[in-house]
Amino acid sequence: SSVGRASLFAHAKTGGFAQPAPVLRNPYRDDPLLDRILKRLLPRADYDKVSHDLSKFGDRIVSEIDELGRQAELNQPRLEPYDAWGNRVDNLIVCKEWNRLKEICAEEGLISIGYDEKVDGLTRRLHQVAKLYLFSPSAGLSTCPMAMTDGCVKTLKTLGLYDNHRFSTETVNRLVSRDGKKAWTSGQWMTEKKGGSDVAGGCDTYAVQEKENFYRLYGYKWFSSAIDADVALTLARVVDKQGNAAEGTRGLSLFLLRIKDDNGHLNGIQMIKLKNKLGTKQLPTAELLLDGAQAEIVSDPGRGVAGIANMLNITRIHNSIASVAGMRRIISLARDYSTRRTVFGRLQADWPLHTATLAKMEVETRGCFLLIFESARLLGMTESKQGTSEDSALLRLVTPIVKLYAGKQCVPLISEGIECFGGQGYIEDTGLPSILRDAQVTPIWEGTTNVLSLDVLRAFSGKEDVISLFYKRINELLANAGKVSELKDVIAKVENGLKQLQSQLGKATQAAKSGSGVHVDAEKQ
Ligand code: UCC
Ligand code: FAD
């Protein structure tokens, strides 16, 4: 009756309809490609173990981790620089969920899996990358300290310091610990006010020697993420007895330092302020004054940039994982929602225009996904006995490419994903907007898109003939793809793209030899 209908809106009632929310399912079992790629790349016995771990971890993400990540977004870090009596205290307050997420990272072996020498090198990196990929969108940005922790382990090991240098050895052991109470994490302080891309042009931090490898650092670090970490790698210019320091890249050396001492006192560091950011709000990012911070030099003098590049090449892979995992998360939620939301009398899923939108997103995401697993495969190969110098050269090339490409693609794609929820996608309480906010950082930090494009050229101009290796690898893949007749047109497009690339690079090389400079068509690049 008309009275019955009207009563739906009486008093506190807001109508009889409530839209079912999208549901997060086990991201491993829900993923269309992950299991297939692991089956293809891993030896059978390893696959069974890895698959079991990922399946279990996927359940934990749904039942526990996703909510911790959400709470970290809702309870953001803050800084109390002074106490009530005017004493400088630099008290950083993070929520308990953030600390719990970091403990879970250790317990689940998100770093240690990558370095477990009992396991084949390829398997351990593929396992680690798969696990990080599942974890990332629920991780409340605890993946940021994990990236830098992984990068720090890699750097100290590559520089030959593990088992040779007391502080580095303790640091590595703590960074790979599976004990959530004992595990350390690392920061990476490169950016200063004058420059984050042009690190050498920006670096005004000076290192004054105390004795042997021990120095005191003076400078201002402009962006320092995960500032609740235990150690950091940073760059500074060594000052000689006359007070002079070398300019440019060759003046920079790499230092390792504790952020606090065993009593919890900051090591000659002041946290000046926390950044007020568009996204990554869960993550404490600070401006730091280094006022005599004690540090040990860990590179040869003047080899700081080359040293920290070991870290960059790892954190860039982590960054790509975050970009692609964000894409995957928004698609899986949007797909689920399309089976729950009725529009114009049909489920979204039954409208071809809507499914075409989802399909377009799916294709792009799968492409990026395959690229991160190619970088993980190459990383694993280079770290295992099976690796060749060709693998190392290709890894050097693929790393900036996957970082720049996935970072660039994820922002518009996640924006499209948000639109799939209509107005609800714009509403903070749904948790959806933070997926877009957090995506926008991935093309910026760890090297912007253009800076990484230049890094691709740096990789091409290295000692190895990377261009030929690249063509060889693509041609192998094309030959394999040629067995599938439906791929004929796609293969022709890739071949055409390769020809254009060859011609552009040929022109650039010619111009570099003659010193004339070249106009490279940016679209064609
Ligand atoms: O942004 C940050 C965020 C931290 C949060 C972590 C999040 C991780 C993701 C989490 C997921 C949720 S930390 C700051 C990041 N900053 C950057 O990425 C800097 C961007 N700028 C560059 O990448 C530049 O290309 C520079 C600074 C690396 C290059 O500067 P220069 O001064 O022009 O350097 P050169 O002279 O070209 O290179 C110096 C040496 C060379 O070696 P040698 O001397 O042997 O020839 C280069 O080949 O360093 C070597 N090198 C590399 N080696 C430079 N780049 C690389 C590389 N990528 N790999 C290997
Ligand atoms: P700029 O270098 O000034 O770049 C501005 C623009 O100029 C960009 O578009 C860039 O592509 C372009 N550009 C620069 N050089 C060239 C060139 N040669 N050719 C063409 N274009 C060019 N840094 C750390 O060291 N540690 C951290 O923990 C950290 N955390 C961060 C957290 C957040 C949330 C953010 C946003 C940044 C963080 N950063 C950190 C800093 C980050 O790495 C830098 O912001 C980034 O590398 C860019 O440097 P910049 O800000 O100085 O920009």
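Predicted model: local features only at pLDDT ≥ 70, side-chain atom pairs only at ≥ 80, totals over all residues.
Which residues of H14 are buried? They are Thr-449, Leu-452, Asp-455, Val-456, Ala-459 and Phe-460. These residues cover an arc of only 145° around the axis, which means that they sit on the same side of H14. The pattern follows from a general rule: an α-helix has 3.6 residues a turn, so residues three or four places apart point the same way. If you turn to the other side of H14, you will find Asn-450, Leu-454 and Arg-458 exposed. Those labels refer to the protein chains only, a point to keep in mind as we bring in the ligands.

The side chain of Arg-250 places an N or O atom 3.1 Å from an oxygen atom of ligand 1, while a polar side-chain atom of Arg-396 lies 3.2 Å from a nitrogen atom of the ligand. On its own, ligand 1 has 1200 Å² of accessible area, and the protein covers 79% of this. Helices H7 (143-158), H9 (199-202), H10 (304-338) and H14 each give two or more residues to the shell. The greatest share comes from H10, with 10 residues. In total, 30 residues surround ligand 1, and Ser-197, Thr-249, Arg-303, Asn-313 and Arg-316 are the closest. Sorted by class, the shell holds 13 nonpolar, 10 polar and seven charged residues.

Ser-197 leads us on to ligand 2, where an N or O atom of its side chain is 2.5 Å from a ligand oxygen. The backbone takes part here too: an N or O atom of Met-190 lies 2.8 Å from an oxygen of ligand 2, and one of Phe-223 lies 3.0 Å from a nitrogen. The protein covers 63% of the 970 Å² of accessible area that ligand 2 has on its own. Strand S3 (186-189), strand S5 (214-225) and, once again, H14 give two or more residues to this shell. Among the 21 residues around ligand 2, the nearest are Gln-188, Thr-191, Gly-196, Ser-197 and Thr-448. By class, this shell divides into eight nonpolar, 11 polar and two charged residues.

Methods: Residues numbered from 1 in each chain as written. Chains lettered and ligands numbered in written order. Heavy atoms only, no water. Buried < 20%, exposed > 50% of the residue type's maximum accessible area, 1.4 Å probe, protein only. Helix = DSSP H or I, 4+ residues; strand = E, 2+ residues; numbered from the N terminus. Arc of directions from axis to C-beta. Near = heavy atom within 4 Å. Polar contact = N/O pair within 3.5 Å; in protein donor to acceptor, adjacent residues only side chain to side chain. Areas by Shrake-Rupley, 256 points an atom, 1.4 Å probe, with all protein chains shown as cover. Nonpolar A, V, L, I, M, F, W, Y, C, P; charged D, E, K, R; others polar.
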